[in-house]
Amino acid sequence: MTGFWSSAHEFVCDGVPLSAIAEAEGTPLYVYSAAELRRRYAAIETAFSGYPHAVHYALKANSNLALLGLLRAAGASADANSIWEIDVARRAGFDPGQIVFTGVGKSGVELRQAVPLGLKAINVESAGELDRVEMLAA
């Protein structure tokens, strides 16, 4: 990657000195490059452009609302492992039809909340879980 070291021998992110960000926001803090995230997302889209696909970002990796909004705006969908991650995805602007619920060992409470949302998919992990989803969907 380029653009992380300025001519003044200072670390920068998207042209902004990290020392200035730390001074303004305090430390510790996480700093993400919106330009780098967009570029890498575009590279994934380009790599799969000849195939039907959808890129689902796993919220378990990072559920920062600004980062999620940036990925959503770039075209990503969401992969949620819990009803709480579904809530975060929705707060970040994802429509239920852009969210896949992939959690293992989903509770009855989670399924009762998730099924009526109209999610893109609920990945079931067992025949029993499939029975519970079918019963709730009916």
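**Exercise 1. Classify Lys106 of this predicted model as buried or exposed, and place Lys106 in the fold.**

Step 1. The relative accessible area of Lys106 is 5%. Buried means under 20%, so Lys106 is buried.

Step 2. For the location, look between strand and helix: Lys106 sits in the loop that runs between E5 and helix H5 (108-114).

**Exercise 2. Which backbone oxygens does the side chain of Lys106 reach?**

Step 1. Start with Gly103: its backbone oxygen lies 2.5 Å from a polar atom of the Lys106 side chain.

Step 2. Then take Asn123, whose backbone oxygen is reached by the side chain of Lys106 at 2.7 Å.

Step 3. The limit for a polar contact is 3.5 Å. The Gly103 distance of 2.5 Å falls within that limit, and so does the Asn123 distance of 2.7 Å.

**Exercise 3. Over the face of which residue does Lys106 lie, and which residues does Lys106 contact beyond its neighbours within four places in sequence?**

Step 1. Lys106 lies over the face of Phe101, at 5.4 Å from the ring centre.

Step 2. With neighbours within four places in sequence set aside, the contacts of Lys106 include Phe101, Leu111 and Ile122. Asn123, Val124, Glu125, Glu129 and Arg132 are also in contact with Lys106.

**Exercise 4. Give the strand order of the open sheet and find the strands at its edges.**

Step 1. The open sheet has 4 strands, in the order E3-E4-E5-E6, and their pairing is parallel.

Step 2. Strand E3 (56-58) and strand E6 (121-122) each have a single partner strand, so one side of each has no neighbour in the sheet and both stand at the edges.

Step 3. Now the pairing of E6: strand E5 (residues 99-101) pairs with E6 in the parallel sense over 2 bridges. Phe101 stands opposite Ile122 in E6.

**Exercise 5. Compare the accessibility of Ala78 in strand E4 with that of Arg91 in helix H4.**

Step 1. Ala78 is found in strand E4. Its relative accessible area is 0%, so Ala78 is buried.

Step 2. Not counting residues up to four places away in sequence, Ala78 touches His56, Tyr57, Leu59, Ala89, Phe94, Gln98, Ile99 and Val100.

Step 3. Arg91 lies in helix H4. The relative accessible area of Arg91 is 54%, and therefore Arg91 counts as exposed.

**Exercise 6. Where is Glu36, is Glu36 buried or exposed, and which side chain does the side chain of Glu36 contact?**

Step 1. Glu36 is found in helix H2 (residues 34-47).

Step 2. With 9% relative accessibility, Glu36 counts as buried.

Step 3. The side chain of Glu36 makes a polar contact of 2.6 Å with the side chain of Arg40.

Terms used
Residues are numbered from 1 along each chain as its sequence is written. This is a predicted model: local features need pLDDT of at least 70, side-chain atom pairs count only at pLDDT 80 or more; totals for chains, interfaces and linings use all residues. Side-chain values use heavy atoms; hydrogens and water are left out. Two strands pair if DSSP finds at least two bridges between them. Buried means under 20% relative accessible area, exposed over 50%, partly exposed in between (1.4 Å probe, protein chains only). A polar contact is a pair of N or O atoms within 3.5 Å; within protein, one must be able to donate a hydrogen and the other to accept it, and residues adjacent in sequence count only if both atoms are side-chain atoms. Contact means heavy atoms within 4.5 Å. A charge sits over a ring if NZ of Lys or CZ of Arg is within 6 Å of the ring centre and within 35 degrees of the ring normal.
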